[in-house]
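Welcome, and please take a moment to look over the molecule shown here. We will walk through it together, one place at a time.

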Amino acid sequence: MSIRPVGITGVGMSVPERVMTNADFEKIVDTTDEWILSRTGIRERHISEPGESTSVHAIKAAQGAMAMAGVTPEQVDLIIVGTVTPDMAFPSTACIVQDAIGATRAAAFDISAACPGWLYGTVVAQQMVGSGMYNCALVIGAEMLSKLVDFTDRNTCVLFGDAAGAAILQPVSEGRGILASVLGAEGAGGCHLQLPAGGSRQPASAETVANKLHYIHMNGQEVYKFAVRVMNEATALVLEKAGLTVEDLDLLIPHQANIRIIEGAMKRLKLGPEKVLINLDRYGNTSSASIPVGLCEALAEGRIKDGDEVVLVSFGAGLVWAAVALRWGK
Ligand code: UT7
């Protein structure tokens with residue numbers, strides 16, 4: 001089946017107001033600014049207030065993306081939210097966004113693909129718009145991992161931040177837009193990063209709460225090894241599929257989890273700092289929001305121009321990974 005070119009025509013982002021610095025964490029767990037900065041690259045992150053849910057920022061990010069693309073809510077055919085921190089198990093956060101923005105014609109669903117959730121959603125939307133089924137898709141990555149971390153566990157609580165990023169996908173001219181994509185999963189590694197209870201396997205009970213099974217449980221070193229491997233492999237693979245080389249690349253926007261993972265990829269791919277977006281010092285790991293927020297900032301800073309070749313790459317719980325290569329422009 002032939003598929004028409006699809007690209008990103010607008011982006012938006014939103015973060016909670018409250019900022020927590022490493023010094024703030026020194027007051028609540030046995031950690032130091034030096035440890036957090038040297039082991040992760042994070043200086044501060046935005047943390048939501050009680051009662052401030054994922055959809056609040058998903059909606060703001062969506063409105064920003066629609067404004068930039070010049071799209072009205074009625075024009076949106078499809079809403080996909082990549083999130084593992086939905087407002088609730090159901091209805092989907094996508095349906096909550098649909099109602100709030102007044103996208104009355106849109107189909108809406110969530111995708112559970114952790115940090116690459118926005119990239120998974122983008123590829124699904126590309127297929128649906130590319131096939132001609134829809135003309136305008138809104139893809140959001142929105143996450144509030146602060147709601148799922150144990151603020152007494154120094155291994156995880158310092159790592160994450162809350163944010164939302166969104167993009168509008170529409171048909172674009174030949175040679176522009178998404179050039180290639182790769183999606184992958186290694187479910188066998190799922191045990192390394194999970195939230196064990198609250199689903200059908202271990203429904204919520206006084207015991208699951210007492211055993212802290214509603215918090216993120218992570219084997220950081222195993223996730224780290226997986227991340228280093230797939231960041232390189234996925235970037236190389238998507239460039240090859242797009243018919244590009246590393247030299248062609250104008251900007252890499254990697255998932256912002258750990259500066260050492262990003263620097264490892266830069267070294268292996270021989271990419272200088274001018275070709276890599278890094279903002280985790282200010283946001284921490286915002287899971288599915290990390291790539292669209294990075295895209296927003298890169299555009300705002302003038303780091304992406306018409307015709308530029310950009311690769312977006314991410315990894316996360318599942319374990320899953322994803323990469324998209326695109327040529328910027330309409
Ligand atoms: O989006 C995907 C999500 N996850 C990831 O990408 C995580 C990938 N993994 C990582 O980024 C790193 O593994 C971490 C940043 C999570 C941990 O860094 P590490 O260099 O692998 O440290 P480690 O787990 O080997 O821990 C080393 C030491 C331990 O102490 P002992 O056992 O050597 O005495 C930890 O208890 O560092 C300790 N530690 C801390 N110390 C101060 C762990 N967290 C902290 C902390 N402050 N916040």
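Helices here are DSSP runs of H or I with at least four residues, strands are runs of E with at least two, and both are numbered from the N terminus. Before going further, note that this is a predicted model, in which local features need pLDDT of at least 70 and side-chain atom pairs count only at pLDDT 80 or more, while totals for chains, interfaces and linings use all residues. Residues are numbered from 1 along each chain as its sequence is written, and side-chain values use heavy atoms, with hydrogens and water left out.

What does Ala242 touch, leaving aside its neighbours within four places in sequence? Ala242 is in contact (heavy atoms within 4.5 Å) with Leu179, Ala180 and Ala325. Arg327 is 85 residues away from Ala242 in sequence, yet their C-alpha atoms are 9.8 Å apart in space.

Now step back to helix α8 (residues 220–241), which packs with helix α9 (residues 259–269) at an angle of about 40 degrees, their axes 9 Å apart. Axes are lines fitted to C-alpha atoms, for helices over the stretch in contact, and angles run from 0 to 180 degrees between N-to-C directions. The crossing of α8 and α9 is right-handed, meaning that the near helix is turned clockwise from the far one by less than a right angle. From α8 come Tyr224, Ala227, Val228, Met231, Asn232 and Thr235, and they meet Arg260, Ile261, Gly264, Ala265, Arg268 and Leu269 of α9. This contact has seven nonpolar, three polar and two charged residues. In this grouping, Ala, Val, Leu, Ile, Met, Phe, Trp, Tyr, Cys and Pro count as nonpolar, Asp, Glu, Lys and Arg as charged, and the others, Gly among them, as polar.

Next, visit the ligand. There are 22 residues around the ligand, each with a heavy atom within 4 Å of it, and Thr31, Arg39, Gln221, Asn258 and Asn285 come nearest. Gln221 places a polar side-chain atom 2.4 Å from a ligand oxygen. For His255, the distance from a polar side-chain atom to an oxygen atom of the ligand is 2.9 Å. In Arg260, an N or O atom of the side chain is 3.0 Å from an oxygen atom of the ligand.

Helix α3 (residues 54–69) and helix α4 (residues 93–101) have axes that come within 10 Å and cross at roughly 55 degrees. The two are therefore oblique to each other, since angles under 35 degrees count as roughly parallel, over 145 as roughly antiparallel, 65 to 115 as roughly perpendicular and the rest as oblique. The crossing of α3 and α4 is right-handed. Ser55, Ala58, Ile59, Ala62, Gln63 and Met66 of α3 make the contact with Thr93, Ile96, Val97, Ala100 and Ile101 of α4. Eight of these residues are nonpolar, three are polar and none is charged.

Finally, look at some loops. Pro91, in the loop between β4 (78–82) and α4, is joined to Phe90 by a cis peptide bond with omega about 5 degrees. Another cis peptide bond joins Gly318 and Leu319, with omega about -10 degrees, and Leu319 lies in the loop between β12 (309–316) and β13 (320–327).

How values were computed
Polar contact = N/O pair within 3.5 Å; in protein donor to acceptor, adjacent residues only side chain to side chain.
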